[in-house]
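Please walk through this structure, starting where the chains meet and ending inside one of them.

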There are 2 protein chains.
Amino acid sequence: MEVYGIFGRDRIELFETMGGELAFVHRIEKVHFHQRSKYQDILVGENKLHGKMLILDNVFNVSNLMEAYYHEPMAHIPVGLVNKEKINALIIGGGDFGVAYHLLKHKNIEKAVMCELDPMVIEVCRKYFPWAEKCEKDKRFELFVGDGFKYLDNLQENSLDVIIIDSTDPFDKAGILISEEFYTKLKRVIKESGVIIQLISDFHIYGECYSYVLPRVEKHFEGVKVIGVPVAFYITGYTGMILLSKRKENLYAENIPENFVSNIPDVKTLTDKNIRAFLELPPVLKDFVNKYLSK
Amino acid sequence: MEVYGIFGRDRIELFETMGGELAFVHRIEKVHFHQRSKYQDILVGENKLHGKMLILDNVFNVSNLMEAYYHEPMAHIPVGLVNKEKINALIIGGGDFGVAYHLLKHKNIEKAVMCELDPMVIEVCRKYFPWAEKCEKDKRFELFVGDGFKYLDNLQENSLDVIIIDSTDPFDKAGILISEEFYTKLKRVIKESGVIIQLISDFHIYGECYSYVLPRVEKHFEGVKVIGVPVAFYITGYTGMILLSKRKENLYAENIPENFVSNIPDVKTLTDKNIRAFLELPPVLKDFVNKYLSK
(Lines give C-alpha, C1' and ligand atoms only; values in the text may rest on other atoms or scores of the structure.)
Protein backbone atom coordinates (compact mmCIF):
# COMPACT_ATOMS: atom_id res chain seq x y z
CA MET A 1 0.00 0.00 0.00
CA GLU A 2 1.46 3.35 -0.96
CA VAL A 3 0.88 5.83 1.72
CA TYR A 4 2.09 9.12 0.38
CA GLY A 5 -0.96 9.84 -1.74
CA ILE A 6 -3.39 10.14 1.08
CA PHE A 7 -2.90 13.77 1.90
CA GLY A 8 -2.00 14.71 -1.64
CA ARG A 9 1.49 15.48 -2.83
CA ASP A 10 1.22 19.23 -2.60
CA ARG A 11 1.28 19.25 1.17
CA ILE A 12 4.11 18.71 3.57
CA GLU A 13 3.69 15.70 5.73
CA LEU A 14 5.47 15.39 9.00
CA PHE A 15 6.17 11.79 9.68
CA GLU A 16 7.17 10.57 13.10
CA THR A 17 7.92 6.89 13.53
CA MET A 18 7.34 5.54 17.00
CA GLY A 19 9.66 2.65 17.66
CA GLY A 20 9.33 1.48 14.06
CA GLU A 21 5.98 -0.27 14.52
CA LEU A 22 3.73 2.70 14.12
CA ALA A 23 3.92 6.24 12.93
CA PHE A 24 2.13 9.47 13.33
CA VAL A 25 1.67 11.79 10.38
CA HIS A 26 0.63 15.41 10.53
CA ARG A 27 -0.32 17.54 7.59
CA ILE A 28 1.65 20.76 7.79
CA GLU A 29 -0.02 23.38 5.67
CA LYS A 30 2.50 26.07 6.27
CA VAL A 31 6.02 26.07 7.61
CA HIS A 32 6.54 29.14 9.78
CA PHE A 33 10.10 28.33 10.69
CA HIS A 34 12.56 25.60 9.86
CA GLN A 35 16.22 25.75 10.75
CA ARG A 36 18.95 23.68 12.34
CA SER A 37 20.29 25.04 15.60
CA LYS A 38 23.57 23.95 17.14
CA TYR A 39 21.59 21.24 18.92
CA GLN A 40 18.66 20.16 16.80
CA ASP A 41 16.36 20.58 13.85
CA ILE A 42 13.61 23.06 14.74
CA LEU A 43 10.36 23.30 12.82
CA VAL A 44 7.27 25.35 13.57
CA GLY A 45 4.44 24.21 11.34
CA GLU A 46 0.78 24.99 10.96
CA ASN A 47 -1.79 22.22 11.17
CA LYS A 48 -5.50 23.04 10.96
CA LEU A 49 -6.34 20.99 14.00
CA HIS A 50 -3.36 21.83 16.18
CA GLY A 51 -2.64 25.40 15.24
CA LYS A 52 1.10 25.87 15.53
CA MET A 53 3.18 22.82 16.23
CA LEU A 54 6.72 22.72 17.59
CA ILE A 55 8.67 19.87 16.07
CA LEU A 56 12.19 19.05 17.24
CA ASP A 57 14.29 16.57 15.27
CA ASN A 58 11.10 15.41 13.52
CA VAL A 59 9.41 14.64 16.81
CA PHE A 60 6.20 16.46 17.65
CA ASN A 61 6.65 18.30 20.94
CA VAL A 62 3.75 20.63 21.62
CA SER A 63 1.04 22.57 19.84
CA ASN A 64 -1.48 25.23 20.71
CA LEU A 65 -4.18 22.59 20.80
CA MET A 66 -2.63 20.11 23.16
CA GLU A 67 -0.01 21.95 25.20
CA ALA A 68 -2.09 22.02 28.39
CA TYR A 69 -2.46 18.23 28.40
CA TYR A 70 1.28 18.03 28.80
CA HIS A 71 2.29 21.24 30.58
CA GLU A 72 -0.39 21.31 33.24
CA PRO A 73 0.44 17.98 34.88
CA MET A 74 4.18 18.77 34.71
CA ALA A 75 3.68 22.14 36.39
CA HIS A 76 0.85 21.50 38.81
CA ILE A 77 1.48 18.01 40.19
CA PRO A 78 4.76 18.85 41.98
CA VAL A 79 3.36 22.15 43.29
CA GLY A 80 0.31 20.34 44.64
CA LEU A 81 2.43 17.69 46.33
CA VAL A 82 4.89 20.17 47.89
CA ASN A 83 2.09 22.49 49.01
CA LYS A 84 4.20 25.11 50.77
CA GLU A 85 3.76 28.84 51.19
CA LYS A 86 6.90 29.66 49.25
CA ILE A 87 8.19 27.50 46.46
CA ASN A 88 11.52 27.90 44.73
CA ALA A 89 11.34 26.09 41.38
CA LEU A 90 13.71 25.11 38.60
CA ILE A 91 12.76 23.99 35.11
CA ILE A 92 15.41 22.13 33.16
CA GLY A 93 14.55 22.35 29.48
CA GLY A 94 11.04 23.61 28.85
CA GLY A 95 12.25 26.12 26.27
CA ASP A 96 8.75 26.63 24.88
CA PHE A 97 7.95 28.45 28.17
CA GLY A 98 4.79 26.38 28.56
CA VAL A 99 5.63 24.71 31.87
CA ALA A 100 6.85 28.04 33.26
CA TYR A 101 3.64 29.75 32.18
CA HIS A 102 1.45 27.27 34.03
CA LEU A 103 3.77 27.13 37.04
CA LEU A 104 3.62 30.90 37.51
CA LYS A 105 -0.14 30.74 37.98
CA HIS A 106 0.58 29.63 41.52
CA LYS A 107 0.98 32.54 43.92
CA ASN A 108 3.24 30.48 46.15
CA ILE A 109 5.88 30.25 43.44
CA GLU A 110 8.51 32.63 44.77
CA LYS A 111 10.99 32.09 41.99
CA ALA A 112 11.00 29.99 38.83
CA VAL A 113 14.23 29.61 36.88
CA MET A 114 14.01 28.11 33.42
CA CYS A 115 17.26 26.63 32.19
CA GLU A 116 17.12 25.94 28.46
CA LEU A 117 20.08 24.77 26.44
CA ASP A 118 19.08 25.91 22.97
CA PRO A 119 18.78 29.69 22.39
CA MET A 120 17.10 29.11 19.04
CA VAL A 121 14.24 27.22 20.68
CA ILE A 122 13.77 30.18 23.00
CA GLU A 123 13.73 32.71 20.16
CA VAL A 124 11.34 30.64 18.09
CA CYS A 125 8.94 30.03 20.95
CA ARG A 126 8.98 33.72 21.89
CA LYS A 127 7.90 34.48 18.36
CA TYR A 128 5.37 31.76 17.59
CA PHE A 129 3.84 30.66 20.89
CA PRO A 130 2.01 32.69 23.52
CA TRP A 131 3.62 31.47 26.74
CA ALA A 132 6.93 33.34 26.75
CA GLU A 133 5.41 36.79 26.89
CA LYS A 134 3.49 36.15 30.07
CA CYS A 135 6.50 34.57 31.76
CA GLU A 136 8.91 37.33 30.87
CA LYS A 137 6.63 39.98 32.35
CA ASP A 138 6.65 38.14 35.65
CA LYS A 139 9.32 39.27 38.11
CA ARG A 140 9.49 35.83 39.68
CA PHE A 141 10.66 34.33 36.39
CA GLU A 142 14.31 34.01 35.46
CA LEU A 143 15.77 32.64 32.26
CA PHE A 144 19.13 30.95 32.09
CA VAL A 145 20.31 29.98 28.64
CA GLY A 146 22.72 27.12 29.01
CA ASP A 147 23.28 23.60 30.13
CA GLY A 148 20.98 22.55 32.95
CA PHE A 149 23.30 19.72 33.83
CA LYS A 150 26.10 22.20 34.58
CA TYR A 151 23.79 24.84 36.02
CA LEU A 152 22.93 22.55 38.92
CA ASP A 153 26.50 22.91 40.20
CA ASN A 154 25.93 26.64 40.82
CA LEU A 155 23.06 26.02 43.18
CA GLN A 156 23.17 25.68 46.92
CA GLU A 157 22.54 22.35 48.57
CA ASN A 158 18.92 21.73 49.58
CA SER A 159 17.73 24.92 47.96
CA LEU A 160 14.91 23.88 45.63
CA ASP A 161 11.33 22.85 46.39
CA VAL A 162 10.38 21.80 42.89
CA ILE A 163 12.44 20.67 39.90
CA ILE A 164 10.73 19.99 36.57
CA ILE A 165 12.70 18.23 33.87
CA ASP A 166 10.94 18.99 30.63
CA SER A 167 13.22 17.67 27.93
CA THR A 168 12.72 15.80 24.71
CA ASP A 169 12.44 12.05 25.30
CA PRO A 170 15.46 11.22 27.43
CA PHE A 171 17.21 8.93 25.02
CA ASP A 172 20.04 9.86 22.65
CA LYS A 173 20.64 13.58 22.95
CA ALA A 174 18.88 14.09 26.25
CA GLY A 175 20.37 10.88 27.65
CA ILE A 176 22.50 12.80 30.14
CA LEU A 177 19.26 13.71 31.91
CA ILE A 178 18.78 10.13 32.99
CA SER A 179 22.43 9.56 34.00
CA GLU A 180 23.63 8.64 37.48
CA GLU A 181 25.58 11.88 37.60
CA PHE A 182 22.50 13.95 36.85
CA TYR A 183 20.46 12.29 39.60
CA THR A 184 23.33 12.82 42.03
CA LYS A 185 23.24 16.51 41.21
CA LEU A 186 19.47 16.70 41.55
CA LYS A 187 19.65 15.06 44.94
CA ARG A 188 22.16 17.63 46.15
CA VAL A 189 19.99 20.63 45.33
CA ILE A 190 16.47 19.40 46.14
CA LYS A 191 15.17 20.02 49.63
CA GLU A 192 14.17 17.22 51.98
CA SER A 193 10.54 18.25 51.36
CA GLY A 194 11.01 18.84 47.63
CA VAL A 195 9.57 17.04 44.61
CA ILE A 196 11.10 16.41 41.20
CA ILE A 197 9.09 15.53 38.11
CA GLN A 198 10.64 14.23 34.90
CA LEU A 199 9.17 13.19 31.58
CA ILE A 200 10.28 9.67 30.83
CA SER A 201 8.35 8.27 27.93
CA ASP A 202 5.52 6.30 26.58
CA PHE A 203 5.00 2.98 28.35
CA HIS A 204 3.91 0.96 25.36
CA ILE A 205 6.27 2.20 22.70
CA TYR A 206 9.44 3.06 24.58
CA GLY A 207 8.85 0.88 27.62
CA GLU A 208 12.43 -0.38 27.61
CA CYS A 209 13.79 2.84 29.08
CA TYR A 210 12.04 2.11 32.37
CA SER A 211 14.27 -0.91 32.79
CA TYR A 212 17.34 1.27 33.19
CA VAL A 213 15.90 4.51 34.52
CA LEU A 214 14.03 3.02 37.46
CA PRO A 215 16.87 1.05 39.09
CA ARG A 216 19.03 4.13 38.63
CA VAL A 217 16.71 6.61 40.36
CA GLU A 218 16.07 4.18 43.19
CA LYS A 219 19.73 4.40 44.15
CA HIS A 220 19.36 8.11 44.79
CA PHE A 221 15.81 8.69 45.97
CA GLU A 222 13.68 7.03 48.61
CA GLY A 223 10.58 8.37 46.92
CA VAL A 224 10.16 7.09 43.36
CA LYS A 225 6.74 7.06 41.75
CA VAL A 226 5.90 6.50 38.13
CA ILE A 227 2.74 8.26 37.05
CA GLY A 228 0.65 7.99 33.89
CA VAL A 229 -0.78 11.04 32.24
CA PRO A 230 -3.06 10.89 29.19
CA VAL A 231 -1.34 13.51 27.07
CA ALA A 232 -3.57 14.18 24.07
CA PHE A 233 -1.87 13.37 20.76
CA TYR A 234 1.00 11.54 22.42
CA ILE A 235 -0.78 8.45 21.06
CA THR A 236 -0.76 5.69 23.60
CA GLY A 237 -3.10 6.97 26.22
CA TYR A 238 -0.61 7.35 29.04
CA THR A 239 2.67 9.18 28.96
CA GLY A 240 4.96 8.18 31.78
CA MET A 241 6.57 10.66 34.11
CA ILE A 242 8.52 9.99 37.27
CA LEU A 243 8.24 11.75 40.59
CA LEU A 244 11.35 11.71 42.75
CA SER A 245 11.84 12.77 46.32
CA LYS A 246 14.13 12.24 49.28
CA ARG A 247 11.17 10.98 51.29
CA LYS A 248 8.53 8.67 49.88
CA GLU A 249 5.74 10.35 51.84
CA ASN A 250 6.33 13.53 49.84
CA LEU A 251 4.73 11.75 46.90
CA TYR A 252 1.47 10.70 48.51
CA ALA A 253 -1.58 11.94 46.59
CA GLU A 254 -3.11 12.93 49.93
CA ASN A 255 -0.63 15.83 50.17
CA ILE A 256 -2.47 17.66 47.40
CA PRO A 257 -4.94 20.08 49.01
CA GLU A 258 -8.60 19.24 48.47
CA ASN A 259 -9.57 21.90 45.94
CA PHE A 260 -6.08 22.42 44.61
CA VAL A 261 -6.99 22.10 40.93
CA SER A 262 -10.28 24.00 41.13
CA ASN A 263 -8.33 26.95 42.51
CA ILE A 264 -5.89 27.16 39.58
CA PRO A 265 -7.02 29.92 37.19
CA ASP A 266 -8.09 28.76 33.74
CA VAL A 267 -6.99 25.20 34.21
CA LYS A 268 -7.86 23.18 31.13
CA THR A 269 -7.05 19.51 31.42
CA LEU A 270 -6.92 18.75 35.12
CA THR A 271 -9.61 18.15 37.69
CA ASP A 272 -9.29 17.44 41.39
CA LYS A 273 -10.22 13.87 40.54
CA ASN A 274 -7.96 13.13 37.60
CA ILE A 275 -4.83 14.65 39.19
CA ARG A 276 -5.20 12.03 41.93
CA ALA A 277 -5.98 9.31 39.41
CA PHE A 278 -2.77 10.09 37.49
CA LEU A 279 -0.79 9.42 40.67
CA GLU A 280 -1.97 5.83 40.71
CA LEU A 281 -1.06 3.77 37.68
CA PRO A 282 -3.66 1.37 36.33
CA PRO A 283 -2.77 -2.28 37.10
CA VAL A 284 -1.37 -3.12 33.67
CA LEU A 285 1.15 -0.27 33.94
CA LYS A 286 1.80 -0.80 37.63
CA ASP A 287 2.75 -4.43 36.92
CA PHE A 288 4.98 -3.23 34.12
CA VAL A 289 6.99 -0.73 36.19
CA ASN A 290 7.09 -2.95 39.25
CA LYS A 291 9.30 -5.34 37.31
CA TYR A 292 12.00 -2.70 37.54
CA LEU A 293 11.41 -1.41 41.05
CA SER A 294 12.76 -3.09 44.15
CA LYS A 295 10.17 -1.65 46.53
CA MET B 1 7.90 14.29 1.63
CA GLU B 2 7.11 10.81 0.45
CA VAL B 3 5.87 8.77 3.29
CA TYR B 4 5.68 5.25 2.02
CA GLY B 5 9.42 4.61 2.18
CA ILE B 6 9.73 4.98 5.91
CA PHE B 7 8.85 1.46 6.91
CA GLY B 8 10.29 -0.01 3.74
CA ARG B 9 8.27 -1.12 0.75
CA ASP B 10 8.23 -4.78 1.61
CA ARG B 11 5.85 -4.26 4.49
CA ILE B 12 2.17 -3.52 4.48
CA GLU B 13 1.32 -0.21 6.04
CA LEU B 14 -2.08 0.43 7.41
CA PHE B 15 -2.89 4.05 7.03
CA GLU B 16 -5.76 5.65 8.87
CA THR B 17 -6.44 9.31 8.26
CA MET B 18 -8.09 11.10 11.10
CA GLY B 19 -10.18 13.94 9.80
CA GLY B 20 -7.61 14.65 7.10
CA GLU B 21 -5.21 16.59 9.33
CA LEU B 22 -3.36 13.71 10.81
CA ALA B 23 -2.92 10.05 10.23
CA PHE B 24 -1.93 6.98 12.06
CA VAL B 25 0.20 4.32 10.38
CA HIS B 26 0.75 0.80 11.61
CA ARG B 27 3.24 -1.64 10.22
CA ILE B 28 1.47 -4.89 9.54
CA GLU B 29 3.98 -7.67 9.30
CA LYS B 30 1.54 -10.39 8.49
CA VAL B 31 -2.04 -10.38 7.30
CA HIS B 32 -3.94 -13.17 9.03
CA PHE B 33 -7.24 -12.42 7.36
CA HIS B 34 -8.49 -9.93 4.81
CA GLN B 35 -11.90 -10.11 3.19
CA ARG B 36 -14.92 -7.97 2.45
CA SER B 37 -18.08 -8.99 4.25
CA LYS B 38 -21.53 -7.84 3.24
CA TYR B 39 -21.01 -4.87 5.51
CA GLN B 40 -17.35 -3.93 5.61
CA ASP B 41 -13.72 -4.62 4.86
CA ILE B 42 -12.28 -6.83 7.59
CA LEU B 43 -8.56 -7.17 8.20
CA VAL B 44 -6.73 -8.98 10.99
CA GLY B 45 -3.09 -7.99 10.92
CA GLU B 46 -0.05 -8.65 13.03
CA ASN B 47 1.94 -5.76 14.47
CA LYS B 48 4.90 -6.42 16.76
CA LEU B 49 3.73 -3.98 19.36
CA HIS B 50 0.00 -4.68 19.25
CA GLY B 51 -0.12 -8.37 18.52
CA LYS B 52 -3.22 -8.96 16.44
CA MET B 53 -5.14 -5.93 15.27
CA LEU B 54 -8.74 -5.84 14.07
CA ILE B 55 -9.14 -3.28 11.32
CA LEU B 56 -12.58 -2.49 9.90
CA ASP B 57 -12.86 -0.37 6.75
CA ASN B 58 -9.24 0.71 7.28
CA VAL B 59 -9.97 1.96 10.77
CA PHE B 60 -8.09 0.40 13.65
CA ASN B 61 -10.59 -1.01 16.13
CA VAL B 62 -8.89 -3.11 18.77
CA SER B 63 -5.76 -5.13 19.36
CA ASN B 64 -4.48 -7.55 21.96
CA LEU B 65 -2.31 -4.80 23.39
CA MET B 66 -4.90 -2.13 23.92
CA GLU B 67 -8.31 -3.80 24.06
CA ALA B 68 -8.72 -3.39 27.80
CA TYR B 69 -8.26 0.40 27.58
CA TYR B 70 -11.41 0.46 25.50
CA HIS B 71 -13.46 -2.54 26.62
CA GLU B 72 -13.05 -2.16 30.36
CA PRO B 73 -14.59 1.30 30.69
CA MET B 74 -17.41 0.36 28.29
CA ALA B 75 -18.24 -2.77 30.29
CA HIS B 76 -17.54 -1.70 33.86
CA ILE B 77 -18.75 1.90 34.09
CA PRO B 78 -22.45 1.14 33.49
CA VAL B 79 -22.35 -1.90 35.79
CA GLY B 80 -20.76 0.21 38.53
CA LEU B 81 -23.36 2.94 38.14
CA VAL B 82 -26.33 0.58 38.10
CA ASN B 83 -24.98 -1.46 41.01
CA LYS B 84 -27.83 -3.93 41.35
CA GLU B 85 -27.95 -7.56 42.41
CA LYS B 86 -29.19 -8.75 39.06
CA ILE B 87 -28.32 -7.03 35.82
CA ASN B 88 -29.82 -7.79 32.44
CA ALA B 89 -27.47 -6.39 29.78
CA LEU B 90 -27.52 -5.89 26.03
CA ILE B 91 -24.52 -5.17 23.83
CA ILE B 92 -25.25 -3.70 20.42
CA GLY B 93 -22.28 -4.32 18.17
CA GLY B 94 -19.23 -5.51 20.07
CA GLY B 95 -18.64 -8.36 17.64
CA ASP B 96 -15.09 -8.88 18.84
CA PHE B 97 -16.61 -10.25 22.09
CA GLY B 98 -14.33 -7.98 24.14
CA VAL B 99 -17.00 -5.98 25.93
CA ALA B 100 -18.98 -9.15 26.65
CA TYR B 101 -15.88 -10.83 28.04
CA HIS B 102 -15.24 -8.04 30.54
CA LEU B 103 -18.93 -7.63 31.36
CA LEU B 104 -19.28 -11.31 32.30
CA LYS B 105 -16.65 -10.92 35.01
CA HIS B 106 -19.40 -9.41 37.13
CA LYS B 107 -21.35 -12.01 39.07
CA ASN B 108 -24.42 -9.80 39.09
CA ILE B 109 -24.75 -10.03 35.32
CA GLU B 110 -27.73 -12.33 34.98
CA LYS B 111 -27.86 -12.26 31.20
CA ALA B 112 -25.78 -10.58 28.51
CA VAL B 113 -27.02 -10.58 24.94
CA MET B 114 -24.61 -9.51 22.23
CA CYS B 115 -26.28 -8.37 19.07
CA GLU B 116 -23.78 -8.14 16.21
CA LEU B 117 -24.75 -7.38 12.65
CA ASP B 118 -21.83 -8.88 10.77
CA PRO B 119 -21.39 -12.68 11.00
CA MET B 120 -17.96 -12.46 9.40
CA VAL B 121 -16.71 -10.25 12.25
CA ILE B 122 -17.92 -12.87 14.69
CA GLU B 123 -16.22 -15.72 12.84
CA VAL B 124 -12.98 -13.84 12.51
CA CYS B 125 -12.90 -12.77 16.15
CA ARG B 126 -13.65 -16.29 17.30
CA LYS B 127 -10.63 -17.45 15.38
CA TYR B 128 -8.08 -14.72 16.05
CA PHE B 129 -8.93 -13.16 19.42
CA PRO B 130 -9.26 -14.77 22.84
CA TRP B 131 -12.50 -13.23 24.11
CA ALA B 132 -15.15 -15.24 22.26
CA GLU B 133 -14.21 -18.57 23.76
CA LYS B 134 -14.71 -17.44 27.33
CA CYS B 135 -18.04 -15.81 26.53
CA GLU B 136 -19.46 -18.76 24.67
CA LYS B 137 -18.74 -21.09 27.56
CA ASP B 138 -20.76 -18.85 29.86
CA LYS B 139 -24.42 -19.77 30.19
CA ARG B 140 -25.40 -16.18 30.86
CA PHE B 141 -24.17 -15.16 27.40
CA GLU B 142 -26.40 -15.13 24.35
CA LEU B 143 -25.44 -14.22 20.82
CA PHE B 144 -27.86 -12.74 18.35
CA VAL B 145 -26.53 -12.26 14.83
CA GLY B 146 -28.52 -9.50 13.24
CA ASP B 147 -29.49 -5.88 13.31
CA GLY B 148 -29.46 -4.38 16.78
CA PHE B 149 -31.70 -1.58 15.62
CA LYS B 150 -34.44 -4.06 14.74
CA TYR B 151 -33.68 -6.39 17.64
CA LEU B 152 -34.75 -3.72 20.12
CA ASP B 153 -38.34 -4.08 18.88
CA ASN B 154 -38.46 -7.67 20.17
CA LEU B 155 -37.69 -6.64 23.71
CA GLN B 156 -40.12 -5.85 26.48
CA GLU B 157 -40.52 -2.31 27.74
CA ASN B 158 -38.34 -1.41 30.72
CA SER B 159 -36.53 -4.72 30.62
CA LEU B 160 -32.83 -3.84 30.49
CA ASP B 161 -30.50 -2.57 33.19
CA VAL B 162 -27.49 -1.92 30.99
CA ILE B 163 -27.15 -1.26 27.27
CA ILE B 164 -23.70 -0.95 25.71
CA ILE B 165 -23.43 0.38 22.19
CA ASP B 166 -20.06 -0.70 20.93
CA SER B 167 -20.08 0.17 17.24
CA THR B 168 -17.57 1.64 14.86
CA ASP B 169 -17.56 5.46 15.01
CA PRO B 170 -21.22 6.39 14.64
CA PHE B 171 -20.95 8.30 11.39
CA ASP B 172 -21.67 6.94 7.93
CA LYS B 173 -22.51 3.28 8.22
CA ALA B 174 -23.25 3.26 11.92
CA GLY B 175 -25.15 6.55 11.63
CA ILE B 176 -28.44 4.87 12.46
CA LEU B 177 -27.08 4.32 15.96
CA ILE B 178 -27.25 8.04 16.65
CA SER B 179 -30.68 8.56 15.06
CA GLU B 180 -33.78 9.86 16.85
CA GLU B 181 -35.50 6.58 16.11
CA PHE B 182 -32.73 4.57 17.74
CA TYR B 183 -32.81 6.66 20.92
CA THR B 184 -36.60 6.29 21.05
CA LYS B 185 -36.17 2.53 20.92
CA LEU B 186 -33.48 2.55 23.59
CA LYS B 187 -35.67 4.61 25.87
CA ARG B 188 -38.49 2.10 25.53
CA VAL B 189 -36.43 -0.89 26.65
CA ILE B 190 -34.16 0.58 29.32
CA LYS B 191 -35.39 0.47 32.90
CA GLU B 192 -35.98 3.58 34.97
CA SER B 193 -32.83 2.65 36.92
CA GLY B 194 -30.86 1.59 33.85
CA VAL B 195 -27.76 3.05 32.23
CA ILE B 196 -26.76 3.17 28.58
CA ILE B 197 -23.19 3.75 27.37
CA GLN B 198 -22.32 4.57 23.77
CA LEU B 199 -19.05 5.24 22.03
CA ILE B 200 -19.28 8.59 20.32
CA SER B 201 -15.90 9.72 19.15
CA ASP B 202 -12.77 11.64 19.64
CA PHE B 203 -13.33 15.16 20.92
CA HIS B 204 -10.50 16.83 19.07
CA ILE B 205 -10.71 15.17 15.70
CA TYR B 206 -14.40 14.42 15.24
CA GLY B 207 -15.77 17.00 17.66
CA GLU B 208 -18.46 18.06 15.24
CA CYS B 209 -20.58 14.99 15.91
CA TYR B 210 -21.28 16.22 19.44
CA SER B 211 -23.15 19.17 17.97
CA TYR B 212 -25.87 16.91 16.60
CA VAL B 213 -25.73 13.92 18.94
CA LEU B 214 -26.08 15.85 22.19
CA PRO B 215 -29.22 17.88 21.38
CA ARG B 216 -30.73 14.66 20.07
CA VAL B 217 -30.13 12.53 23.16
CA GLU B 218 -31.32 15.34 25.43
CA LYS B 219 -34.78 15.06 23.89
CA HIS B 220 -35.05 11.47 25.06
CA PHE B 221 -33.09 11.22 28.28
CA GLU B 222 -33.02 13.29 31.44
CA GLY B 223 -29.62 11.89 32.29
CA VAL B 224 -26.98 12.74 29.67
CA LYS B 225 -23.33 12.72 30.59
CA VAL B 226 -20.35 12.86 28.28
CA ILE B 227 -17.30 11.11 29.67
CA GLY B 228 -13.69 11.09 28.54
CA VAL B 229 -11.66 7.92 28.56
CA PRO B 230 -7.97 7.79 27.64
CA VAL B 231 -8.07 4.86 25.26
CA ALA B 232 -4.49 3.92 24.46
CA PHE B 233 -3.67 4.21 20.76
CA TYR B 234 -6.85 6.11 20.00
CA ILE B 235 -4.48 9.09 19.70
CA THR B 236 -5.97 12.15 21.27
CA GLY B 237 -5.89 11.32 24.92
CA TYR B 238 -9.61 11.17 25.53
CA THR B 239 -12.19 9.20 23.63
CA GLY B 240 -15.71 10.44 24.22
CA MET B 241 -18.52 8.18 25.30
CA ILE B 242 -22.00 9.17 26.41
CA LEU B 243 -23.96 7.86 29.32
CA LEU B 244 -27.73 8.03 29.02
CA SER B 245 -30.41 7.40 31.58
CA LYS B 246 -34.03 8.19 32.32
CA ARG B 247 -32.95 9.83 35.59
CA LYS B 248 -29.93 12.04 35.88
CA GLU B 249 -29.07 10.76 39.36
CA ASN B 250 -28.41 7.32 37.84
CA LEU B 251 -25.23 8.80 36.39
CA TYR B 252 -23.66 10.19 39.55
CA ALA B 253 -20.15 8.85 40.16
CA GLU B 254 -21.14 8.36 43.81
CA ASN B 255 -23.33 5.41 42.78
CA ILE B 256 -20.24 3.34 42.06
CA PRO B 257 -19.43 1.25 45.15
CA GLU B 258 -16.23 2.18 46.94
CA ASN B 259 -14.01 -0.73 45.95
CA PHE B 260 -15.88 -1.58 42.80
CA VAL B 261 -12.83 -1.69 40.53
CA SER B 262 -10.50 -3.38 42.99
CA ASN B 263 -13.00 -6.23 43.18
CA ILE B 264 -13.06 -6.91 39.43
CA PRO B 265 -10.81 -9.90 38.66
CA ASP B 266 -7.74 -9.14 36.54
CA VAL B 267 -8.72 -5.59 35.77
CA LYS B 268 -6.02 -3.94 33.71
CA THR B 269 -6.67 -0.30 32.96
CA LEU B 270 -9.09 0.91 35.62
CA THR B 271 -8.60 1.95 39.20
CA ASP B 272 -11.15 3.10 41.73
CA LYS B 273 -9.74 6.58 41.22
CA ASN B 274 -9.61 6.83 37.45
CA ILE B 275 -13.09 5.38 36.90
CA ARG B 276 -14.42 8.34 38.89
CA ALA B 277 -12.11 10.77 37.11
CA PHE B 278 -13.40 9.61 33.71
CA LEU B 279 -16.92 10.57 34.82
CA GLU B 280 -15.87 14.20 35.16
CA LEU B 281 -14.56 15.81 31.99
CA PRO B 282 -11.60 18.15 32.30
CA PRO B 283 -12.60 21.82 31.88
CA VAL B 284 -11.49 22.16 28.27
CA LEU B 285 -13.73 19.25 27.23
CA LYS B 286 -16.54 20.22 29.57
CA ASP B 287 -16.66 23.68 27.98
CA PHE B 288 -16.68 22.04 24.57
CA VAL B 289 -19.63 19.73 25.20
CA ASN B 290 -21.56 22.32 27.20
CA LYS B 291 -21.94 24.33 24.03
CA TYR B 292 -24.30 21.63 22.82
CA LEU B 293 -26.11 20.81 26.05
CA SER B 294 -29.05 22.81 27.35
CA LYS B 295 -28.64 21.76 30.98
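A:Leu22, for instance, has B:His26 in E2(B) as its bridge partner. Helices (H or I, at least four residues) and strands (E, at least two) are DSSP runs, numbered from the N terminus.

This is a predicted model, in which local features need pLDDT of at least 70, side-chain atom pairs count only at pLDDT 80 or more, and totals for chains, interfaces and linings use all residues. Residues are numbered from 1 along each chain as its sequence is written, while chains are lettered from A and ligands numbered from 1 in the order in which they are written.

In total, 46 residues of chain A are in contact (C-beta atoms, placed from the backbone, within 7 Å) with 46 residues of chain B. On the chain A side, E2(A) gives the most, with 6 residues.

Inside chain B, helix H3 (residues 119-128) has B:Val121, B:Val124 and B:Cys125 as its buried residues, where buried means that 20 or more other C-beta atoms, placed from the backbone, lie within 10 Å of a residue's own. They lie on the same side of H3(B) because they cover an arc of only 95 degrees around the axis, taken from the directions from the helix axis to the C-beta atoms. Their cover includes strand E8 (109-116) and helix H4 (131-136) of chain B.

Definitions and conventions: Buried ≥ 20, exposed ≤ 12 C-beta atoms within 10 Å, placed from the backbone. Contact = placed C-beta atoms within 7 Å. Pairing = 2+ DSSP bridges.
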